Amino acid sequence: MKFCFAALAVLVVLVGCDVRTGKDSNLPDVPMYPGAKIVLNGENQGVVSCVLETPDPRAKVVDFYMKALNGKNEAGAITGERNGHAIRVIVTDPPGTKTHMAITQPKSGHF
């Protein structure tokens, strides 16, 4: 579904991502999924965001972030905390595409 990737793009825009890519300093403070490719990342208005993609199945990605964040699944978003900062991860797997992860973290602590 093209809608899922479009929803991720909208999420990144809503949190103010400036769509700069390839700069580790603009990544959320969370373990990156092994082998995932950074599609978008940036920082704006105190929120650090990125979108990653992997060919791995959604269930494997969800399990990774649930463990990495000691998180909980709230309405389709994995939420947790790392180093005093809230982290939110939304994982989608539109048919015919790779699994996408949208990760957001406010720099001041919580959303």
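**Close-up views of a predicted model**

**View 1. Ala59 on helix α2.** Ala59 lies in helix α2. The model shown here is predicted. Ala59 has a relative accessible area of 59%, so this residue counts as exposed, because exposed means over 50%. Now look from Ala59 to Asp93. In sequence, 34 residues set them apart. In space, their C-alpha atoms are 9.6 Å apart.

**View 2. Thr54 in strand β2.** Strand β2 covers residues 47–54, and Thr54 belongs to this strand. Is Thr54 buried or exposed? Its relative accessibility is 2%, so Thr54 is buried. The cut-off for buried is under 20%. The Thr54 side chain also reaches the backbone nitrogen of Asp56, at 3.2 Å. Which residues does Thr54 contact beyond its neighbours within four places in sequence? They are Tyr33, Ala36, Val61, Lys98, Thr99 and Met101.

**View 3. The largest nonpolar core.** This core has 15 residues. Tyr65, Ile78, Val89, Val91, Met101 and Ile103 touch the most other members. At least two core residues come from each of β2, α2 (58–69), β5 (85–92) and β6 (99–106). Which of these elements gives the most to the core? Helix α2 does, with four residues.

**View 4. Val91 and its contacts.** Val91 is one of the core residues that touch the most other members.

Conventions:
Residues are numbered from 1 along each chain as its sequence is written. This is a predicted model: local features need pLDDT of at least 70, side-chain atom pairs count only at pLDDT 80 or more; totals for chains, interfaces and linings use all residues. Side-chain values use heavy atoms; hydrogens and water are left out. Buried means under 20% relative accessible area, exposed over 50%, partly exposed in between (1.4 Å probe, protein chains only). A polar contact is a pair of N or O atoms within 3.5 Å; within protein, one must be able to donate a hydrogen and the other to accept it, and residues adjacent in sequence count only if both atoms are side-chain atoms. Contact means heavy atoms within 4.5 Å. A nonpolar core is a set of buried Ala, Val, Leu, Ile, Met, Phe, Trp, Tyr and Cys residues joined through side-chain atoms within 4.5 Å.
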